[in-house]
Each structure stands twice: as structure tokens, then as C-alpha cells.
Amino acid sequence: MADWSFIRGSTTARLLVTETIIFANAPFYWLNNGSRSLFKGSAFIAVYLLARLWQSQASAIVQEPYLDEVFHIPQAQAYCDQKFSIWDPKLTTPPGLYAFAVLFANILPGGCTTSNLRLFNVFALLTTVSFVLECRTLITETWKRRSMAVQNWKNGLISSNSLHTAVNIALFPPLFFFSGLFYTDVLSTCIVVWMYKLFLQGEPGVSNFKVYVVGLLALTMRQTNIFWVAIFMGGLEAVRTIKANTVSLPIKEPAFFEPLGWNNITSLLKQYSRGQIHDIPLEDAGVHDFILCAISIAIAIISQPILVVTSLTPYIALLLSFTAFVFLNGGVVLGDKANHVATIHLPQLLYLLPFTTFFAIPLIIPSFLTFILRLPTTLASKPIWKTLLATVYTIGSLVVTLGIVKFNTIIHPFTLADNRHYVFYVFRYSILRHPLVRYALAPIYLICGWGVYFTLCSPSTTSTPTSSVVEKKEKDAKPTASQTADSGDRGPTTSWLIIFLITTALSLITAPLVEPRYFIIPFVIWRLHVPPPPSSPSSPSSPSPPKTALRTTRSGAINQLKSMVVKGAGYSLYAETAWYLLINAITCYIFLYKGFEWKQEPGNVQRFMW
């Protein structure tokens, strides 16, 4: 063992002092910039105490490395002994976790014990909370006013919604669960969110070299992070560069289904080539808006290739570095290549939808109810061709989903061979229950998808996803595709969702094995962009509708229901917290106290986990 005898004193005292120093000096920007409110400090301390309690109980009851820890912990301990030439051929991910964890564990009494290595993930979770808080603040401030977003962030202006969101993301069950064990997921998420924070800052002071280095750190945690640090953020950087260099033109886009003459086409091409891309808030977007958005971005990039490529220098460098690694390594994974062969597995995207719906159900229910309550009014106010178009889109989506299920469902042998994972039981009692069940789930995937989409839209959503630009132009009350550089977006835009979906697909569809851990980063990024719930509406100034008018009474009842939904949405963050605490309490309890034994391995306790 390496000599760490310079650490002296009572073991318990040393541990408490060490944790206090680490906690006090963690990168909690908001707790060290002069804004030391009890509420903010209490939020971080609450996360710390919960994670520390979970880690201490896991280490006290499960003292030996468990499951994948059997590979991770001995490897970290080999590094702790300075035996850097030792490498377990079963490990598939790079050694980034071990390098950081060893530095951390060596300042603790006992060195690289199983408990101390697990404790490192508690610290990583707290650091993640800090970065998530900064990202959420930058995102929401950008929605309000772009030019002041970074300045407000520097001034420490944060909302209770941002802080509460950061705490809830830390409590997100798959992420929180692995903060008590020695897995790569927590630190991997932390570094990716750190990288996202650097992107959101968008300051000249944030050098390309720093972005590149942090991106490399993310790749040392998990290879699939390349899609998030290079493709996702690179795509967003390209869009930001295009918008920042827009040359304004007094050109109006034709309405949907309006006949396109040569003059209109020429005007659109000129508009897009000068950076006035078709990028609108999701609450105003229809299916064709996403098509126009993708086309406009492509034209803008082709028209300004040098400008865009120059802005993407660190992201291109990351892609080249990763390509070199794959070439020299002979593949993406480091070891156990036979069981980790890349393939095309499109159902991963379908599985992500109910996964997200399940964990975000307190947020999705208000959004979905709002859509249902407004649906009759929306349908009544729309031309019949729009309703027919929405029906065609829905049927087409269902057909595509059924095709994916029919021709691309893959059941990895590991999924059926290990009954310690919850996924084993999900598959066993769903798509493996009967051959037709997998097809019956197709409508559920679509419903979950709509719920996830509605939740991303602004709380003031008044139209269906198939609404067109026609309504926006007719009412003159919603932003056009060409927004001013300083106006807020009122939530995610079409370009963001397109880039997010492409990145999510690339990071998931090459994995034949279904694991909740693979969905953590997509969920966290999605959750960061869920708009804050609306404020409770004020009392209506108009008198109550006459009770004698049946139609008016019904309208009033619907409006009352809408008001109740909006008020309920105001408590969605608290419901999300309670939901996560309940799930964590159940899963952690089951892991610790509901173990079982395999007949072929008597005496070895097996435990349920994500």
C-alpha cells in the first residue's frame, strides 16, 4: 500500500474533519458568493445527509464489493497501490473514475477501502447539484432575457425553482442509488453537466482548450459521453453561432400550405442563408416547423461554413480524439468486447419514454391534463384539415412504432440471465409475457411521448403539437421564426429538441443491453429544460357565468378545472421530491434488507438494484 501515514489522529475525528473540509470547499458557487441564505445551504446539506446516510448504510451492510463493483473497486485499489500496469480485461470503460476516486480516498483515514471509494460518489453527487443549479439558472435566465442571463448568473441571482430542481435531480432515483456504490454513473453525469455549464456560459473567457479538456474528462468516464460533449453541445454551438451572426432581413415566411412561388423560395433561402433560421418555441411548433428548422439550419451552415466550423473547434477536436482512440483500441469498449458488440437497437428510444414518464409523472400529469382540457376548444377552433393532419401524424407514428417493435426488438442475454436487476422483471412481465404484449405497448409509448413533449412546452401552451404557423401569424401574438437576439424563447425551441433527439438516439441505439443507467444523462438534460410551472392565476375580474345557461356553466366548469390544474402544477416540484424520496426509500430498503440467495451460490446474498 502507498504510505499515507501523515494523516494522524482519531479515525472518527479525522473522517468528520475531512468530510467537513471537502463539503465546505466543494464547487458550490452559490454558497460562496455572498448569497448565504439558510434555504440554499439547507438544500445542499439535505442532499448530503441523505446521500451520506445511504452510502454509510450500504457500506455497513454490504461490506464487500457487489456486482460491477467486483471489477471497479479492485482496479481502483490497484491504482491506490500505484500498480498502474494492472488492468482488469472485463472493464469496458476508461479509468477516469478510478483516478479521481483514488485521489479522494487517499486523504481519508483508511485509504482506498470499499467504503471510502463509495464515499467519493457522495462528493460527486454534491458537485453535480452545484453544476445542475448553475445550468438550470443559466437556462431559465436565458429564457427570460438572453443578454442578461450570464450577468444574472454571475450576480448569484437564482430562483427557488432552480434550486429545487437541482435538489430533485440529485434525488433522481437511478442517480441517487449509485451515489452509495462505486459505479461510474454519478461522476460521468457530473462531468457532462459541468461541460454543459461551460457551454451555457458562452463567454469569450471560457477558452476552447478548457472546453476540450473537460470534454476529454467526460470521455474518461464513459465512451458514449462523446455524443453529449461533442454532438449535442457542438450542435447547440452551431445554432448559437448562426443566431449571433444573423443579418436581419424584412422577409416574411409563407404560411403553412400557402402556395410557394419562386420568389417565396428565393426569399426563404436568402433568409436562412443569413442566419434567420426557423427556430420557434415548442409551444408554438407543429410537425412541419421541425422540418423547416432542420432545413434552415443546414442552409445556414452551408452558407457560412468557415464561421460555423471555427466556432466548433473544441468539439471537432473531441471527435477527432475519440476517433483516434477507437482506431488504436480496435473498438469503442476497452474490454469484454464479445459481450458489448454495437448494434442498431431502436426500441431503446421507445423504452426511454415510459422510463421518463414514470420518474417525471408529477410534472407530466399537469401538462397532460392541461392538454386534455384544452383539446375540445382547440379542435373546435381549428379547420377540419388540421384535425385530419393530426390524425395522419398519429397513425403514421403508430405504424412506425409497430414497425420498430416488429423488426428491431432485441433481448440481450444479460437481460434474462440476471434477476437482480429490475429490468429483468419489467421485461418478464411485459413484452415476454405474451408475443402480442410488445405490440399492445406501442400506443403506450406514444402516449408517454406526448406527455414528455407537452411537459417541455411552456405552461401557457394553448395549441396542439400539430398547430401551424398560420395561427401564430393570424393572431400576431406569438413570436415569428426570426426573434430578436435579446428576447426570451419561453422554453426550449425546435432546434434544441432536434439536436437533443439526435444525440439521445446516437447514445442509446447502439447498445443492445437495456439498463436504466443508460437513461440517466438523457433524463437529466431533459429535466433541466422543463419550464417552471406557471404561477397560480389571479381571481378572474369578470363576473361568474349565469347558472341558467348550460353551455356557459359547462365552460365555467372547464375553466375551473383548468385553474385547479394550474394551481396543482405549482406544487409539482414538491410532488416530485416526495415521489423520488418514496422510490429511493423503497429501492434502498429492498437492496439492504430484502436479499436472496441463488441455489448455485449458497451463502452469497444477492440484492435487487437498478
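## Exercises on rings, charges and helices

The pairing rule gives a count of 46 aromatic pairs. The model is predicted.

**Exercise 1. Classify the ring pair Phe-178 and Tyr-183.**

Step 1. A pair of aromatic rings is described by the distance of the centres and the angle of the planes.
Step 2. The ring centres of Phe-178 and Tyr-183 are 4.8 Å apart. Rings pair if their centres lie within 6.5 Å.
Step 3. The planes stand at 45°. Under 30 degrees counts as stacked, over 60 as edge-to-face, and the rest as tilted.
Step 4. The pair is therefore tilted.

**Exercise 2. Are Phe-178 and Tyr-183 buried or exposed?**

Step 1. The cut-off for buried is under 20% relative accessible area.
Step 2. Phe-178 has 1% relative accessibility, so Phe-178 counts as buried.
Step 3. Tyr-183 has 2%, so Tyr-183 counts as buried.

**Exercise 3. Describe the surroundings of Arg-517.**

Step 1. Locate the residue. Arg-517 is in the loop between α24 (494-508) and α25 (520-528).
Step 2. The relative accessible area of Arg-517 is 9%, so Arg-517 is buried.
Step 3. List the contacts. Leaving out residues up to four places away in sequence, Arg-517 touches Asp-68, Phe-178, Tyr-183, Asp-185 and Arg-222.
Step 4. Look at the ring of Phe-178. The charged end of Arg-517 sits over this ring, 5.8 Å from its centre.
Step 5. Compare sequence and space. Arg-517 and Phe-178 are 339 residues apart in sequence, but their C-alpha atoms are 9.1 Å apart.

**Exercise 4. Which residues does Arg-527 touch?**

Step 1. Arg-527 lies in helix α25.
Step 2. At 2% relative accessibility, Arg-527 counts as buried.
Step 3. Beyond residues up to four places away in sequence, Arg-527 touches Arg-136, Thr-165, Ile-169, Leu-363, Leu-573 and Glu-576.
Step 4. Leu-573 and Glu-576 are among the buried residues of α27.

**Exercise 5. Where do Leu-67 and Gln-82 lie, and is each buried or exposed?**

Step 1. Leu-67 is in the loop between α2 (38-61) and α3 (69-80). Its phi is positive, about 55°, although Leu-67 is not a glycine.
Step 2. Leu-67 has a relative accessible area of 12%, so Leu-67 is buried.
Step 3. Gln-82 is in the loop between α3 and α4 (96-105). Its phi is also positive, near 65°.
Step 4. Gln-82 has a relative accessible area of 53%, so Gln-82 is exposed.

**Exercise 6. What is the secondary structure of the protein?**

Step 1. The protein comes to 27 helices and 2 strands.
Step 2. Of its 610 residues, 51% are buried.

Definitions and conventions
Residues numbered from 1 in each chain as written. Predicted model: local features only at pLDDT ≥ 70, side-chain atom pairs only at ≥ 80, totals over all residues. Heavy atoms only, no water. Buried < 20%, exposed > 50% of the residue type's maximum accessible area, 1.4 Å probe, protein only. Helix = DSSP H or I, 4+ residues; strand = E, 2+ residues; numbered from the N terminus. Phe/Tyr/Trp six-rings, centres within 6.5 Å; stacked < 30°, edge-to-face > 60°. Lys NZ or Arg CZ within 6 Å of the ring centre and 35° of its normal. Contact = heavy atoms within 4.5 Å.
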